[in-house]
Amino acid sequence: MSPSDALPRVGQPRAAAVIAATAWGTAVLAVALVVMARPALGEGVWFFVVDVAVACVYGTVSALIVSRRPHPVGWLLALAAVGGGVAALGFGYPALAAQRPGLPGADLVQWLQSTAWVPGTLALFLVVPWLVRDHPLGRAKWGVVAGSAVVIAFLVTQLLDARAPFTILLVIAVVLGLVAAGAVEHRRRRGPVAERNGLGWLALGAALLALSFVPLLLPYGSLPLPVWTTPVLHLLSQAVYPAAILVAVLRSRMWGLQLAVSRTVLAGLVTVSLVAVYVVATVVATSLLPGDGAGLVGAGVVAVAVQPTRFWLEQRVHRLVYGVAASPDHVVRRLGSHLRLAETTDDLLRGLAADIGATMRLESVTVALPDREPVVWGMPGAHPVRVPLDHRGEPVGELAVTLPGGESLGSRGEQMLGDLATVVATAAAVTRAAADVDDARARLSRARLEERRVIRREIHDGLGPSLAGLRLGLQGARNLMATDPSAAAELLSTLQSELDQRVTDVRTLSHHLLPPVLDELGLAAALAELSARHAEDGVEIALDLGHDDALDPQTAAAAYAIVAEAVTNTLRHSGVQSAHVTTTSTPEGLRLTIADDGRGFSAEVRSGVGTRSMRERAEELGGTLSITSPKTGGTLVEALLPQGVAVARG
């Protein structure tokens, strides 16, 4: 069970409101005090700006997380937000007291400026990076323990105002912060796919926060660094770090936060980047150009860099907020590779479902197809989102997805799911086609096997013994030639009649399989020949042919075989020597009817080889066949065969 599973799904909106009100209230009050005091611009003012930014930014982010999901990260961010607000008050109130002597408790409140920020701010890069995950901590728990120990020790040194331990602990904090950032980056590369969204920016923010304390380790005056270096580095990390935490913890699908987070982060990054470009360009221009042209050069460089910078950052911010979903075409190409590489249809559907679930960070994905077990990825929950799968206007199945508790797809997620459903529908159609091909192959194999058995039986039980008898008769005629020529002549005459009958049987068997006239003149001529051949034996086959002349050869062959087999069954089992054959072309296909007025059949009678052969021939073409015994008597065979494209005969 993951940490997220162990937590309740329902957030705590009241606690979130208290956090936001406290953080913002202390920040606003501190700003009001500073405005009234108007202190001189110095290092304290810069850190005051950082404290106010931390209170406002993390107060909002922590409130969103706690109201949505009471994750430990939300409470740590709340600690940072409230600590930042209190630290800001620790600067604003003493500044006002310096202008207005006599305000009580100024010394005590000033003490808060150096201590209130410690636990929450240090936890941001020492503890939080280890906790942003949806699976058990494992060995990462030692990172949490080490980070927490450093935070507590650092707070104690601040309370005791011990300078030497402060420096040592600050070095340890920077090192552990970089280790935590490296661990997050490793999880982004090698960890669960569903958790990677936002981890790259989280690693960058954690590294920046840790490195922002490095100037405090340098001896004062050893490098010509402005007093605002450390505060500005703190502020730079806030451009992406809070949004990265929000995205990673909530997966960004709450109340349409994707758009708000995306635009806010993009605006912050563009602003910071253009300010950096302006400063660099101005410094370089000042050293190269005389006069006051440096400012104009810097402004020109910024104007040129605005659009490329925005475009470059926008792509990466979208990846932060939406993950792989920011590029649906990439996802579709990745899913399409399954169509090419999957060894079996089951592997194909399982791979598609897993990719969709991991890409969109879903709870479960179910691909349901008719007449087969559904393919399920994940653990299905309640209230699934269902998307019908249509291929070429025909329904082929259904795609059902469920999301983690309380989350929703949003308009972008719905659009992406619709795009991916197209690929799944294609896969479902391929799966169904493959199943149809396997079934058709199995039926064709059975039909060929049965036909071979019929041919073997006809040859072994009929033609074989007849030829053996003819051979014996010829041997007897040869023996009689010398002693009784008249008897030999009479025997030869009998053998000739027998041979004629066997020749007729062979021709009948050949015609039954596929008469030459069917290929040369079509179905109507072949049925007419069939009727004429039976008429020679006193059997009446009445034909009522109303089908189109041009038929697909496969349809014509199947129709002829069904009629021939049905007539044979009539002569063998009905007790009558007549049948009526009707053919009709309909929009659905070629309709066949073979009827007789014989004794009919019982429903308990088991189907023989001929009946199964007729049914399989119809089903091979996607048609149907039924055999009934009407109340008026006799047997009625009805078949509907879909018609293919006509083939011209030369």
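View A. Thr 624 stands opposite Leu 640 in strand 9. In this predicted model, local features need pLDDT of at least 70 and side-chain atom pairs count only at pLDDT 80 or more, while totals for chains, interfaces and linings use all residues. Residues are numbered from 1 along each chain as its sequence is written, and side-chain values use heavy atoms, with hydrogens and water left out. Strand 8 (residues 624-628) and strand 9 (residues 635-641) run antiparallel and are joined by five bridges. Strands here are DSSP runs of E with at least two residues, helices are runs of H or I with at least four, and both are numbered from the N terminus; two strands pair if DSSP finds at least two bridges between them. Six residues lie between the strands of this hairpin, where Gly 633 takes a positive phi near 105°.

View B. Seven bridges link strand 3 to strand 4 (residues 394-402) in the antiparallel sense. Among the residues to look for here is Arg 386, whose bridge partner in strand 4 is Ala 400.

**View C. The largest nonpolar core.** This core has 48 residues, of which Leu 77, Leu 122, Phe 125, Leu 126, Phe 154, Tyr 241 and Ile 245 touch the most other members. A nonpolar core is a set of buried Ala, Val, Leu, Ile, Met, Phe, Trp, Tyr and Cys residues joined through side-chain atoms within 4.5 Å. Buried means under 20% relative accessible area, exposed over 50%, and partly exposed in between (1.4 Å probe, protein chains only). Elements giving two or more residues to the core include helix 3 (43-68), helix 4 (72-99) and helix 12 (241-250), and the largest share, eight residues, comes from helix 9. Apart from this core lies another, of 29 residues, among them Leu 527, Ile 562, Ile 594 and Leu 625.

**View D. Around Leu 126.** Leaving out residues up to four places away in sequence, Leu 126 touches Gly 143, Gly 147, Val 150, Val 151, Ala 173, Leu 176 and Gly 177. Contact means heavy atoms within 4.5 Å.

**View E. Thr 157 in helix 8.** Zoom in on helix 8 to find Thr 157, which is buried, with a relative accessible area of 7%. A polar atom of the Thr 157 side chain lies 2.6 Å from the backbone oxygen of Phe 154.

**View F. Ser 613 and Arg 446.** Ser 613 sits in helix 22 (residues 609-620) and is buried, with a relative accessible area of 13%. Although Ser 613 and Arg 446 are 167 residues apart along the chain, their C-alpha atoms are separated by 8.7 Å.

**View G. Arg 38 in a loop.** Between helix 2 (13-37) and helix 3 is the loop that holds Arg 38. Phi of Arg 38 is near 50°, a positive value in a residue other than glycine. Arg 38 is exposed, with a relative accessible area of 70%.

How values were computed. A polar contact is a pair of N or O atoms within 3.5 Å; within protein, one must be able to donate a hydrogen and the other to accept it, and residues adjacent in sequence count only if both atoms are side-chain atoms.
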